[in-house]
Amino acid sequence: MEKLDKDLQNRVWQRVQSREKLEMPPLGQENLRPLILTVQENRQVYQNLSHQMPGKDGERIRRLQQECQKCITCMKGICCIRGEPVQVPQLNMGKEQPKRALMKCYHRERKLCADLDRMSADPEYGTVYGSLSRQAKERCV
């Protein structure tokens, strides 16, 4: 058996123990504020339309409004977990013809779907973004 050099061992262990800990590089984080504002616009339009439309159509619009609110709450929750709380202002949307307002909502939802689909590859919140994208697609339907 070879004789171990205690002095050499001590130097090696000092070198190993004094190494800087490797830190994981920060994950890229999307800015969710523009997406939240997009959903907030739709929520406000749906709220305005729900007051204008009676009966079953008004009820469907109220459900869209509620779904948008859930989406906003979820994205704000992600921001809060990441330490980036977001305050979303109450928007004052002017009254429009229902057909035109719904067309605008549809186009905003389609853009939201595309953005959320792209973000679904995120290692931390990808599954949440994928789920939000599916919900936005349902609202488009």
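Predicted model: local features only at pLDDT ≥ 70, side-chain atom pairs only at ≥ 80, totals over all residues.
The largest nonpolar core comprises 27 residues, among which Leu 32, Leu 35, Ile 36, Val 39, Met 75 and Tyr 129 touch the most other members. Two or more residues of this core come from each of helix H2 (33-52), helix H3 (55-81), H4 and H5, and H3 gives the most, with eight residues. Apart from its neighbours within four places in sequence, Tyr 129 is in contact with several residues, including Leu 32, Ile 78, Leu 116 and Met 119.

The largest pocket has a volume of about 170 Å³. Helix H4 (98-119) and helix H5 (126-140) each give two or more residues to its lining, and the largest share, four residues, comes from H4. The lining consists of seven nonpolar, no polar and three charged residues; among them are Tyr 46, Leu 64, Glu 109 and Arg 139.

Eleven salt bridges were counted in the model. In the bridge between Glu 67 and Lys 70, the closest N and O atoms are 3.5 Å apart. These two residues are separated by about one helical turn, because they lie three residues apart in helix H3. Glu 67 is partly exposed, at 28% relative accessibility, whereas Lys 70 is exposed, at 52%.

A further salt bridge joins Lys 137 to Asp 117, with the closest N and O atoms 3.2 Å apart. This pair links distant parts of the chain, as Lys 137 belongs to helix H5 and Asp 117 to helix H4, 20 residues apart. Lys 137 is partly exposed, with a relative accessible area of 33%, and Asp 117 is also partly exposed, at 34%.

Note on methods: Residues numbered from 1 in each chain as written. Heavy atoms only, no water. 1 Å grid on protein atoms, 1.4 Å probe; cavity = no way out; pocket = protein on both sides within 12 Å on 5 of 7 lines; lining within 4 Å. Points joined across faces, edges and corners; volume = space filled by probe spheres on them. Nonpolar A, V, L, I, M, F, W, Y, C, P; charged D, E, K, R; others polar. Core = buried A, V, L, I, M, F, W, Y, C linked by side-chain atoms within 4.5 Å. Buried < 20%, exposed > 50% of the residue type's maximum accessible area, 1.4 Å probe, protein only. Contact = heavy atoms within 4.5 Å. Salt bridge = Lys/Arg side-chain N within 4 Å of Asp/Glu carboxyl O.
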